[in-house]
Amino acid sequence: MKDKQKSPPRLPSSLLRRFLREDLLEEVSGDLEEKFYALQKTSPLKAKINYWYQVLNYTRPFAIKKPTPSYSNNPAMFRNYFKISWRNLFKQRMYSAIKIGGFAIGIAACFLIALYIQDELRYDIQYPDRDRIYRVISGYNDEGNQRYGVWFQAPFAKAIKEDFPEIEKSGRYMSSELFGAGSNQIRPSESPDNNYEEGFVFMDQELLDILKPKMIYGNPAHALDKPMSMVITKRIADKYFPNENPVGKLFVTNNRDKNPFTIGGVIEDFPPTSHINFDFYMTMKGEEFWEGEQDYWGANNYPTYILLRPGANPAALEEKMKSVIEKYMLPLWIKQKMPNAK
(Lines give C-alpha, C1' and ligand atoms only; values in the text may rest on other atoms or scores of the structure.)
Protein backbone atom coordinates (compact mmCIF):
# COMPACT_ATOMS: atom_id res chain seq x y z
CA MET A 1 0.00 0.00 0.00
CA LYS A 2 1.42 3.48 -1.06
CA ASP A 3 2.21 6.05 1.73
CA LYS A 4 0.05 9.20 1.74
CA GLN A 5 2.04 12.32 0.68
CA LYS A 6 2.42 15.12 3.25
CA SER A 7 1.63 18.78 2.36
CA PRO A 8 4.33 21.49 2.31
CA PRO A 9 5.17 22.99 5.70
CA ARG A 10 2.56 25.51 6.87
CA LEU A 11 4.89 28.20 8.16
CA PRO A 12 6.88 28.84 4.95
CA SER A 13 3.67 28.52 2.90
CA SER A 14 1.96 31.18 5.04
CA LEU A 15 5.03 33.40 4.85
CA LEU A 16 5.09 33.09 1.08
CA ARG A 17 1.46 34.17 0.78
CA ARG A 18 2.12 37.22 2.97
CA PHE A 19 5.03 38.76 1.11
CA LEU A 20 4.87 37.48 -2.49
CA ARG A 21 3.22 39.60 -5.20
CA GLU A 22 -0.30 38.48 -6.12
CA ASP A 23 0.55 38.01 -9.81
CA LEU A 24 3.41 35.60 -8.93
CA LEU A 25 1.82 33.73 -6.06
CA GLU A 26 -0.10 31.05 -7.97
CA GLU A 27 2.74 30.16 -10.32
CA VAL A 28 5.49 30.17 -7.69
CA SER A 29 3.51 28.22 -5.08
CA GLY A 30 2.65 25.59 -7.71
CA ASP A 31 6.28 25.15 -8.72
CA LEU A 32 7.43 24.89 -5.13
CA GLU A 33 4.78 22.27 -4.28
CA GLU A 34 5.72 20.23 -7.36
CA LYS A 35 9.38 20.23 -6.33
CA PHE A 36 8.42 19.46 -2.75
CA TYR A 37 6.39 16.37 -3.74
CA ALA A 38 9.12 15.16 -6.07
CA LEU A 39 11.83 15.37 -3.38
CA GLN A 40 9.54 13.94 -0.72
CA LYS A 41 9.58 10.58 -2.49
CA THR A 42 13.29 10.21 -1.81
CA SER A 43 13.82 12.30 1.35
CA PRO A 44 11.06 14.13 3.32
CA LEU A 45 13.70 16.11 5.25
CA LYS A 46 15.40 17.24 2.07
CA ALA A 47 12.03 18.27 0.65
CA LYS A 48 11.30 20.50 3.67
CA ILE A 49 14.76 22.10 3.62
CA ASN A 50 14.55 22.80 -0.10
CA TYR A 51 11.04 24.24 0.30
CA TRP A 52 12.28 26.67 2.99
CA TYR A 53 15.25 27.59 0.83
CA GLN A 54 13.06 28.39 -2.18
CA VAL A 55 10.65 30.49 -0.11
CA LEU A 56 13.47 32.54 1.37
CA ASN A 57 15.05 32.89 -2.09
CA TYR A 58 11.95 34.85 -3.20
CA THR A 59 12.40 37.50 -0.51
CA ARG A 60 13.89 39.85 -3.08
CA PRO A 61 12.68 43.35 -4.09
CA PHE A 62 11.18 42.32 -7.42
CA ALA A 63 8.95 39.66 -5.80
CA ILE A 64 7.82 41.44 -2.62
CA LYS A 65 4.42 43.11 -2.46
CA LYS A 66 4.30 46.89 -2.52
CA PRO A 67 2.79 48.35 0.66
CA THR A 68 -0.86 49.24 0.40
CA PRO A 69 -1.24 53.06 0.15
CA SER A 70 -2.30 54.65 3.41
CA TYR A 71 -5.47 56.62 3.09
CA SER A 72 -4.21 59.04 5.74
CA ASN A 73 -1.55 60.23 3.27
CA ASN A 74 -3.77 60.25 0.22
CA PRO A 75 -4.19 63.78 -1.26
CA ALA A 76 -7.55 62.80 -2.65
CA MET A 77 -8.75 62.04 0.87
CA PHE A 78 -7.76 65.51 2.04
CA ARG A 79 -9.53 67.13 -0.89
CA ASN A 80 -12.61 65.14 -0.08
CA TYR A 81 -12.50 66.11 3.59
CA PHE A 82 -12.07 69.76 2.62
CA LYS A 83 -15.09 69.66 0.31
CA ILE A 84 -17.25 68.03 2.97
CA SER A 85 -16.13 70.55 5.61
CA TRP A 86 -16.75 73.46 3.26
CA ARG A 87 -20.26 72.24 2.46
CA ASN A 88 -21.05 71.75 6.15
CA LEU A 89 -19.90 75.29 6.90
CA PHE A 90 -22.36 76.70 4.40
CA LYS A 91 -25.17 74.42 5.46
CA GLN A 92 -24.84 75.50 9.11
CA ARG A 93 -23.72 79.09 8.72
CA MET A 94 -24.88 80.38 12.09
CA TYR A 95 -23.30 77.49 14.00
CA SER A 96 -20.08 77.83 11.99
CA ALA A 97 -19.92 81.59 12.54
CA ILE A 98 -20.32 81.14 16.30
CA LYS A 99 -17.66 78.44 16.47
CA ILE A 100 -15.10 80.15 14.21
CA GLY A 101 -15.82 83.61 15.60
CA GLY A 102 -15.49 82.42 19.19
CA PHE A 103 -12.21 80.69 18.41
CA ALA A 104 -10.84 83.79 16.65
CA ILE A 105 -11.91 86.09 19.49
CA GLY A 106 -10.27 83.77 22.02
CA ILE A 107 -6.96 83.81 20.14
CA ALA A 108 -7.11 87.60 19.70
CA ALA A 109 -7.84 88.05 23.41
CA CYS A 110 -4.83 85.91 24.34
CA PHE A 111 -2.57 87.97 22.07
CA LEU A 112 -3.90 91.24 23.51
CA ILE A 113 -3.42 90.05 27.08
CA ALA A 114 0.14 88.95 26.27
CA LEU A 115 0.92 92.33 24.66
CA TYR A 116 -0.57 94.18 27.64
CA ILE A 117 1.50 92.17 30.12
CA GLN A 118 4.64 92.70 28.04
CA ASP A 119 3.99 96.45 27.91
CA GLU A 120 3.38 96.65 31.67
CA LEU A 121 6.59 94.76 32.44
CA ARG A 122 8.58 97.19 30.27
CA TYR A 123 7.16 100.33 31.91
CA ASP A 124 9.64 102.71 33.58
CA ILE A 125 12.53 100.24 33.53
CA GLN A 126 15.01 102.65 31.89
CA TYR A 127 16.03 104.42 35.12
CA PRO A 128 19.38 103.18 36.51
CA ASP A 129 18.22 103.45 40.16
CA ARG A 130 14.63 102.36 39.56
CA ASP A 131 14.66 100.00 42.56
CA ARG A 132 15.14 103.01 44.89
CA ILE A 133 12.95 105.58 43.10
CA TYR A 134 9.44 106.26 44.44
CA ARG A 135 6.70 108.67 43.44
CA VAL A 136 4.99 110.02 46.55
CA ILE A 137 1.21 109.47 46.68
CA SER A 138 -1.24 111.00 49.14
CA GLY A 139 -4.43 109.28 50.27
CA TYR A 140 -7.47 110.85 51.85
CA ASN A 141 -11.07 110.03 52.67
CA ASP A 142 -13.69 111.96 50.72
CA GLU A 143 -17.11 111.32 52.28
CA GLY A 144 -16.44 107.63 52.66
CA ASN A 145 -14.53 107.22 49.39
CA GLN A 146 -10.78 106.67 49.55
CA ARG A 147 -9.03 108.91 47.03
CA TYR A 148 -5.40 109.29 46.00
CA GLY A 149 -3.34 112.04 44.43
CA VAL A 150 0.21 112.73 43.27
CA TRP A 151 0.25 116.53 43.63
CA PHE A 152 1.97 118.18 46.58
CA GLN A 153 2.85 121.63 47.81
CA ALA A 154 5.91 123.51 46.54
CA PRO A 155 7.95 123.14 49.79
CA PHE A 156 7.04 119.48 50.29
CA ALA A 157 10.06 117.96 48.48
CA LYS A 158 12.56 120.08 50.40
CA ALA A 159 10.87 119.43 53.75
CA ILE A 160 10.82 115.64 53.52
CA LYS A 161 14.46 115.51 52.44
CA GLU A 162 15.45 117.57 55.49
CA ASP A 163 13.24 115.63 57.92
CA PHE A 164 13.87 112.05 56.85
CA PRO A 165 17.49 110.87 56.48
CA GLU A 166 16.32 107.80 54.53
CA ILE A 167 15.72 110.11 51.56
CA GLU A 168 18.86 110.73 49.54
CA LYS A 169 17.26 113.05 46.97
CA SER A 170 13.85 114.56 46.29
CA GLY A 171 12.63 116.42 43.23
CA ARG A 172 9.50 117.83 41.59
CA TYR A 173 8.06 118.75 38.27
CA MET A 174 5.13 120.99 37.40
CA SER A 175 3.16 120.69 34.16
CA SER A 176 0.30 123.14 34.69
CA GLU A 177 -0.40 125.30 31.63
CA LEU A 178 -1.51 128.07 34.00
CA PHE A 179 2.15 128.76 34.73
CA GLY A 180 3.71 128.31 31.32
CA ALA A 181 4.05 124.54 31.00
CA GLY A 182 2.08 122.38 28.58
CA SER A 183 2.32 124.16 25.21
CA ASN A 184 4.11 127.33 24.08
CA GLN A 185 5.35 129.26 21.10
CA ILE A 186 9.08 128.82 20.75
CA ARG A 187 11.96 129.75 18.45
CA PRO A 188 15.75 129.84 18.55
CA SER A 189 16.90 133.35 19.44
CA GLU A 190 18.39 133.93 15.96
CA SER A 191 15.15 132.91 14.20
CA PRO A 192 12.30 135.41 13.60
CA ASP A 193 9.60 132.72 13.24
CA ASN A 194 7.78 131.01 16.09
CA ASN A 195 6.73 127.39 16.18
CA TYR A 196 3.98 125.92 18.32
CA GLU A 197 5.29 123.09 20.49
CA GLU A 198 3.84 120.90 23.23
CA GLY A 199 5.55 118.94 26.00
CA PHE A 200 6.84 121.75 28.27
CA VAL A 201 7.38 121.03 31.96
CA PHE A 202 9.16 122.70 34.87
CA MET A 203 11.58 120.39 36.68
CA ASP A 204 14.06 120.44 39.55
CA GLN A 205 17.69 119.68 38.85
CA GLU A 206 17.43 117.09 41.63
CA LEU A 207 14.67 115.20 39.80
CA LEU A 208 16.95 115.06 36.76
CA ASP A 209 19.61 113.62 39.09
CA ILE A 210 17.12 110.99 40.31
CA LEU A 211 15.95 109.85 36.87
CA LYS A 212 19.41 110.01 35.24
CA PRO A 213 18.28 110.13 31.59
CA LYS A 214 21.05 109.51 29.09
CA MET A 215 22.70 112.86 28.36
CA ILE A 216 23.89 113.42 24.79
CA TYR A 217 25.21 116.98 25.26
CA GLY A 218 25.89 118.91 28.44
CA ASN A 219 26.73 118.13 32.05
CA PRO A 220 23.88 116.18 33.69
CA ALA A 221 24.82 117.47 37.16
CA HIS A 222 24.38 121.14 36.14
CA ALA A 223 21.98 121.09 33.20
CA LEU A 224 19.13 122.70 35.20
CA ASP A 225 20.91 124.27 38.16
CA LYS A 226 20.89 127.82 36.80
CA PRO A 227 17.87 130.13 36.40
CA MET A 228 16.31 130.21 32.93
CA SER A 229 18.04 127.02 31.81
CA MET A 230 16.38 124.26 29.81
CA VAL A 231 17.05 120.64 28.84
CA ILE A 232 15.62 119.40 25.54
CA THR A 233 15.25 115.96 23.99
CA LYS A 234 17.19 114.69 21.01
CA ARG A 235 14.07 114.99 18.85
CA ILE A 236 13.86 118.72 19.50
CA ALA A 237 17.62 119.21 19.12
CA ASP A 238 17.57 117.49 15.71
CA LYS A 239 14.62 119.65 14.64
CA TYR A 240 16.02 123.07 15.59
CA PHE A 241 19.79 122.47 15.70
CA PRO A 242 20.55 119.63 13.27
CA ASN A 243 24.06 118.16 13.38
CA GLU A 244 25.33 120.50 16.10
CA ASN A 245 25.71 120.77 19.85
CA PRO A 246 23.03 123.23 21.01
CA VAL A 247 24.27 123.62 24.60
CA GLY A 248 24.56 127.33 25.36
CA LYS A 249 22.15 128.39 22.61
CA LEU A 250 18.99 130.33 23.43
CA PHE A 251 15.31 129.51 23.07
CA VAL A 252 12.70 132.28 23.18
CA THR A 253 9.23 131.33 24.42
CA ASN A 254 6.08 133.31 23.69
CA ASN A 255 8.10 136.24 22.27
CA ARG A 256 9.71 137.01 25.64
CA ASP A 257 12.98 138.11 24.03
CA LYS A 258 14.32 139.60 27.27
CA ASN A 259 13.98 136.30 29.14
CA PRO A 260 15.23 133.51 26.87
CA PHE A 261 16.04 130.02 28.09
CA THR A 262 19.61 128.78 27.80
CA ILE A 263 19.94 125.18 26.68
CA GLY A 264 21.83 123.33 29.39
CA GLY A 265 21.71 119.84 27.93
CA VAL A 266 20.26 117.39 25.43
CA ILE A 267 18.90 114.03 26.61
CA GLU A 268 17.73 110.91 24.83
CA ASP A 269 14.00 110.82 24.14
CA PHE A 270 12.08 109.09 26.89
CA PRO A 271 10.58 105.81 25.60
CA PRO A 272 6.80 105.46 25.14
CA THR A 273 6.83 103.13 28.16
CA SER A 274 7.62 106.00 30.50
CA HIS A 275 5.02 107.97 32.44
CA ILE A 276 7.34 111.00 32.26
CA ASN A 277 7.54 111.92 28.60
CA PHE A 278 8.13 115.58 27.76
CA ASP A 279 10.39 117.43 25.29
CA PHE A 280 11.22 120.70 27.08
CA TYR A 281 12.43 120.57 30.71
CA MET A 282 12.55 124.12 32.10
CA THR A 283 14.41 124.66 35.34
CA MET A 284 12.58 125.30 38.59
CA LYS A 285 15.60 127.27 39.83
CA GLY A 286 14.55 130.80 40.67
CA GLU A 287 10.92 130.21 39.63
CA GLU A 288 8.10 131.53 41.79
CA PHE A 289 4.71 131.51 40.12
CA TRP A 290 3.30 134.01 42.60
CA GLU A 291 4.76 135.78 45.61
CA GLY A 292 5.49 133.32 48.38
CA GLU A 293 4.41 130.32 46.29
CA GLN A 294 7.57 128.28 46.97
CA ASP A 295 6.91 128.38 50.73
CA TYR A 296 3.14 128.00 50.65
CA TRP A 297 1.59 124.78 51.99
CA GLY A 298 -1.90 125.42 50.68
CA ALA A 299 -1.59 124.67 46.94
CA ASN A 300 -0.89 121.25 45.42
CA ASN A 301 0.81 121.54 42.00
CA TYR A 302 3.88 119.29 42.10
CA PRO A 303 4.27 115.54 41.55
CA THR A 304 7.18 114.65 43.82
CA TYR A 305 9.76 111.85 43.55
CA ILE A 306 12.28 110.55 46.05
CA LEU A 307 15.43 108.45 45.83
CA LEU A 308 15.91 106.33 48.94
CA ARG A 309 19.31 105.57 50.35
CA PRO A 310 20.50 101.98 49.87
CA GLY A 311 18.94 99.73 52.52
CA ALA A 312 16.17 102.16 53.50
CA ASN A 313 12.82 100.62 54.37
CA PRO A 314 10.05 102.24 52.27
CA ALA A 315 7.23 100.84 54.44
CA ALA A 316 8.74 102.33 57.61
CA LEU A 317 9.33 105.64 55.84
CA GLU A 318 5.72 105.72 54.69
CA GLU A 319 4.54 105.63 58.29
CA LYS A 320 6.99 108.32 59.36
CA MET A 321 5.98 110.65 56.55
CA LYS A 322 2.49 111.00 58.02
CA SER A 323 4.04 113.42 60.50
CA VAL A 324 4.36 115.95 57.64
CA ILE A 325 0.62 116.60 57.90
CA GLU A 326 0.78 117.54 61.57
CA LYS A 327 4.02 119.51 61.30
CA TYR A 328 3.43 121.54 58.13
CA MET A 329 -0.16 121.30 56.92
CA LEU A 330 -2.25 121.28 60.08
CA PRO A 331 -1.11 124.74 61.31
CA LEU A 332 -2.24 126.28 58.00
CA TRP A 333 -5.55 124.42 58.09
CA ILE A 334 -6.21 125.67 61.60
CA LYS A 335 -5.27 129.22 60.61
CA GLN A 336 -7.62 129.06 57.62
CA LYS A 337 -10.33 127.53 59.85
CA MET A 338 -10.81 124.56 57.59
CA PRO A 339 -13.50 122.04 58.68
CA ASN A 340 -12.21 119.10 60.79
CA ALA A 341 -8.80 120.76 61.22
CA LYS A 342 -7.76 119.95 64.77
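Helices (H or I, at least four residues) and strands (E, at least two) are DSSP runs, numbered from the N terminus. The model is predicted, and local features need pLDDT of at least 70, side-chain atom pairs count only at pLDDT 80 or more, while totals for chains, interfaces and linings use all residues. Residues are numbered from 1 along each chain as its sequence is written, and side-chain values use heavy atoms, with hydrogens and water left out.

**Exercise 1.** Determine whether Ser96 is buried or exposed, and find the backbone oxygen that lies by its side chain.

*Solution.* Ser96 belongs to helix H5, which covers residues 93-121. Its relative accessibility is 10%, so Ser96 counts as buried. A polar atom of its side chain lies 3.4 Å from the backbone oxygen of Leu89.

**Exercise 2.** Classify the ring pair of Phe152 and Phe156.

*Solution.* Rings of Phe, Tyr and Trp (its six-membered ring) pair if their centres lie within 6.5 Å, and planes under 30 degrees apart count as stacked, over 60 as edge-to-face and the rest as tilted. By this rule there are 18 aromatic pairs. One of them, Phe36 with Tyr37, is edge-to-face, at 5.8 Å centre to centre and 65 degrees between the planes. For Phe152 and Phe156, the centres are 4.3 Å apart and the planes at 15 degrees, so this pair is stacked. Phe152 is buried, with a relative accessible area of 6%, and Phe156 is buried at 3%.

Conventions:
Buried < 20%, exposed > 50% of the residue type's maximum accessible area, 1.4 Å probe, protein only. Polar contact = N/O pair within 3.5 Å; in protein donor to acceptor, adjacent residues only side chain to side chain.
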